[in-house]
Amino acid sequence: MVVDQNSPDSQEYVDSLERELRDLRNLETARSQFLAAVSHELRTPLSAIQTYAEALSDEILGRLDEDQRDAVCSILRATRQSLDMVDEILAFARSGGDSAELDPVEFTLPELVDEVRGTHESLLARKSLTFESGPMPAIPALFADRGKVSLVLGNLVSNAIDFTPPGGRVEVAARLVEEDRWTRIEVIDTGVGVPASERDRIFDEFVSRDSGVDRELGGTGLGLSIARRVVHMHGGEIGVESEVGEGSRFYFTLPTVRNERFVERHRETPAVAQ
Amino acid sequence: MRLLLVEDDETLREAYRLVLEARDLEVVAAATGEEALSILGAVADGAVADGGTDFDAVVVDPGVPDPSGAELVRRLRRRLPGAALVVLTGRDDGALREECLAAGADAFHVKPLPAARIAEAIGAGPPDG
């Protein structure tokens, strides 16, 4: 469309577009603030439940018998599920499909893996699962939306824990692909595996895995669909290699700081996450 | 190690106190930004404390009542230049994260955070195995 800048009609049109753009930005700001407030209101009581449950589990308030220990373990697991749902629902609300924006910063993968391990420590211990993360010394820093990637990795680790019997292993590994422009991150478990009939569907919205160690597992069915959306927003790939009874290897790729094409497109001013 | 805990939710504040004192931390708690700054005593705004402090670390929810947010972080940092300062918030907000880190926080975490991770973040020892 060609706009004659000297025409009063076109100036009015431009003015109305600017007003609409301002309104949309204000709406987006209000939405973002609302979601942050909802996050706070949901996380605060859940944090209190989890902290007291950990105090009970660590026997700070006295020794527990076996039944009490099982009960506390159930509280911790249910709390973790609730928190995961809060993450998923808020991420889904924020993602807004193609209109969602990325806020990439530089950060190191080992630091993120350590953070995710920490938030799942209690569950790993309760199921006697080993958590391993391979050495990643040669991996350059990632350049990605740290918050969204944390959600992806957290979701995959949560799933691995849920679908792995006690005594098993969850591992996070990484290697470079396409020279050093992309990092392929893998979450590997010794769990029940994903049947071939489910492998394509599990990344769809509102689809939950049917098989599992614990049949009472609930969930929004959004986690993996959000993970796929986030990874695709970064231009990466996500998938799963698995055999029933032999465990699963979920993988996804993210750009590194040496991915010049991605960095140039997204970097305005350098921002380093701590 | 002496820790200043700034958290306005009473239930959560007492839960954190319980698990952190079990890790041999001395915990002094405040429910508002004003209370926290009052505990730290009168240091003129704009003046950096001389580095002498009887708090080794601060864990602060920037959502507490006035002062709050990055402004609270800034004022806490001014009064405790040498302390570990960790933000622990229920708001999963990238903008808040950047503001708090720029205001002098050493780390920004979204709740919940296990006691072992809080201790690690403030340098109170390695996490549990």
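From the N terminus, chain B runs β-α-β-α-β-α-β-α-β-α. This amounts to five helices and five strands, where helices (H or I, at least four residues) and strands (E, at least two) are DSSP runs numbered from the N terminus. The model is predicted: local features need pLDDT of at least 70, side-chain atom pairs count only at pLDDT 80 or more, and totals for chains, interfaces and linings use all residues. Residues are numbered from 1 along each chain as its sequence is written, chains are lettered from A and ligands numbered from 1 in the order in which they are written, and side-chain values use heavy atoms, with hydrogens and water left out.

Chain B has 129 residues, and 52% of them count as buried. Buried means under 20% relative accessible area, exposed over 50%, and partly exposed in between (1.4 Å probe, protein chains only). Among contacts in chain B with a separation of 6 or more, 65% link residues 24 or more positions apart. Contact here means heavy atoms within 4.5 Å.

Helix α3 of chain B spans residues 69–79. Its buried residues are B:G69, B:A70, B:L72, B:V73, B:L76, B:R77 and B:R79. Their cover includes β1 (2–6), α2 (33–40), β3 (57–60), β4 (84–89) and α4 of chain B.

Strand β4 of chain B holds B:T89. B:T89 counts as buried because its relative accessibility is 1%. Its side chain reaches the backbone nitrogen of B:R91 at 2.9 Å. Beyond neighbours within four places in sequence, B:T89 is in contact with B:D61, B:P62, B:L96, B:F108, B:H109, B:V110 and B:K111.

The interface joins 29 residues of chain B to 26 residues of chain A by contact. The size of an interface is often given as the accessible area lost when the parts come together. Between chain B and chain A the buried area is about 2,400 Å², of which carbon and sulfur atoms give 57%. Buried area is the accessible area (1.4 Å probe) that two parts lose on being put together, summed over both.

One salt bridge is found across this interface. The side chains of B:R117 and A:D114 form it at 3.3 Å, N to O. A salt bridge is a side-chain nitrogen of Lys or Arg within 4 Å of a carboxyl oxygen of Asp or Glu. Four residue pairs, both at pLDDT 80 or more, are in polar contact between chain B and chain A. A polar contact is a pair of N or O atoms within 3.5 Å; within protein, one must be able to donate a hydrogen and the other to accept it, and residues adjacent in sequence count only if both atoms are side-chain atoms. On the side of chain B that touches chain A, α1 (10–21), α4 (94–102), β5 (107–110) and α5 (115–121) each supply at least two residues. α1(B) gives the most, with seven residues.

Backbone geometry comes last. Most residues other than glycine have a negative phi, and most peptide bonds are trans. A cis peptide bond joins B:D66 and B:P67, with omega about -15°. B:P67 sits in the loop between β3 and α3 of chain B. Another cis peptide bond joins B:K111 and B:P112, with omega about 0°.
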